[in-house]
Amino acid sequence: MGAASGATTIHVSSVGRSQPALTGVTPTSGISIVQVGGEASPQNFTLSGGYVAAGPYQMRLVHFAPAQAAPGELDPALAAHGVTQFNDFRLQTEQVLQPGTPPDGNLPGQPVGIGPEGELPGQELVVPQVPAYLALPTGALHYASVLLDDLHKRVGDLTPPPLDTLNALDAANGFPYAPNAFVRVKGWTGTVTGSLQPDFHQRIWMLQAGGGVTWPGVFAEGDRVDGNIVMSQGGSRSTVAVNHSVSRFDATGFGLTATYRSAGGAYADLVAQGLFFTNVGFSTDERGSVGSTSGSGFVTSLEAGLPFVLGRWATIEPRAALAYQTDHFRPFTDVDGVQTDLGNASSLAARIGTRLSHAFAFQSSRGAGEISPFVTVDYVRSLVGHNHETVGGVVFYDDTGGNALKYGCGISVRLQQRMSGYVSFEHVSGRGAPSATGNEILGTFRYVF
């Protein structure tokens, strides 16, 4: 009894981890935890941390002034002292109100139009880490697609040394099959626009290296097959736009590549890689670090291209590719006690495009070389994809891919017959939602021993 004064922080622990009852905001729903038989305001009582997790939802402290409080909810101890008018503070799961809904002055903080974690009208408020959970599988699939790339980006100049040069190199170094190695570094930054999940900004970095041999004349005179073992190390950080929650991971990859090139220049390139995701973590402004897990993935692609020489002016190279990827992360329980299973995400995408280049030969003290500026245009279309997460017993669906138009330019340099380098810049323009829009920079170096 009497008026409330000052500010009191209430600590509440959620015992049940299953899906909570969706209480809504009414004078009789949820759990009454404080009643004041005198004057009180919403500032008198607050929850430690701002909310209590009940499954994936936030249960927040809602204040019902005497004019809104339900008489049937009055605590018998207050009623025994003759109290009839009271302030009721209740734990409730709130919904986002439709745009234009006039706010109720006695229910401060109830969101209108869009929720603090990106919820839409009619949806319950989720804990702040849910958007980061939804971003992780999508971000991992996008990381894998950036890693796959195309044959030029992986090995640089596609014009191989002539067979007699390969034989001469083999004789000089004592090794058959022209062993070679490459290394490349790449960065990507941009925004992933969602249709089933909030947008997020993603930064990707990676270092990849590989080595292998060339078998000449495998199927016909003048053709060759390149086989390589590849390894990669990289990472990703995704920040959800609406609430700045973060998902991040490191990725280690191991794989094999096989490339067939005909005497006429046509090629087919097959890539298969396994990925291991470590240091997977999530954080929010409200809780800091909220959880961690680990995972694995698999990516594969098949690309084909056919260069055409347009007189002495340029070479045009139509190309097409098909790529499949999947990832899986271990279930975990976060700091709010929310049990989370990020599911198994998968995606199948097709790419079609062309590359236009012109080679300029030059002579140096170390021999003949060639520099080739180029431009590229590619269209990527998502064919099939699915994923869902189970957070606190509730299923959430998210995005797995999207369509994009890619514009690129760069320079390929070959020094003597042993060394080649490749530098490129590419802008990715997402088409609709879901999609990714951003910029990529890449550098590759290759050496034939």
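Predicted model: local features only at pLDDT ≥ 70, side-chain atom pairs only at ≥ 80, totals over all residues.
**Salt bridges**

The count comes to 17 salt bridges.

| Pair | N to O distance |
|---|---|
| Asp149 and Lys153 | 3.7 Å |
| Arg154 and Asp269 | 2.8 Å |
| Asp226 and Arg261 | 2.1 Å |

Asp149 and Lys153 are both buried. They also belong to a network of salt bridges that includes Arg184, Lys186, Glu426 and Glu440.

The side chains of Arg154 and Asp269 meet in a salt bridge. That pair links distant parts of the chain, 115 residues apart, with Arg154 in helix 3 (residues 151-155) and Asp269 in strand 11 (residues 267-284). Arg154 counts as buried because its relative accessibility is 4%, and Asp269 counts as buried at 2%.

Asp226 and Arg261 likewise form a salt bridge.

**Cavities**

The structure has 5 cavities of 30 Å³ or more. The largest cavity holds about 680 Å³ of space. Its lining comprises 42 residues, and His142, Ser145, Val146, Val380 and Lys406 lie nearest the centre. By class, 17 lining residues are nonpolar, 12 polar and 13 charged. Helix 2 (residues 130-148) gives the most to this lining, with 6 residues.

**Nonpolar patch**

Val183, Val185, Trp205, Leu207 and Phe445 make a nonpolar surface patch of about 440 Å². Strand 7 (180-193) and strand 8 (200-216) each supply at least two of the patch residues. Phe445 lies in strand 24 (residues 435-448) and, at 38% relative accessibility, counts as partly exposed.

Key: Residues numbered from 1 in each chain as written. Heavy atoms only, no water. Patch = residues over 30% accessible without salt bridge, like charges linked within 9 Å, V, L, I, M, F, W, Y side chains within 5 Å. Areas by Shrake-Rupley, 256 points an atom, 1.4 Å probe, with all protein chains shown as cover. Salt bridge = Lys/Arg side-chain N within 4 Å of Asp/Glu carboxyl O. Helix = DSSP H or I, 4+ residues; strand = E, 2+ residues; numbered from the N terminus. Buried < 20%, exposed > 50% of the residue type's maximum accessible area, 1.4 Å probe, protein only. 1 Å grid on protein atoms, 1.4 Å probe; cavity = no way out; pocket = protein on both sides within 12 Å on 5 of 7 lines; lining within 4 Å. Points joined across faces, edges and corners; volume = space filled by probe spheres on them. Nonpolar A, V, L, I, M, F, W, Y, C, P; charged D, E, K, R; others polar.
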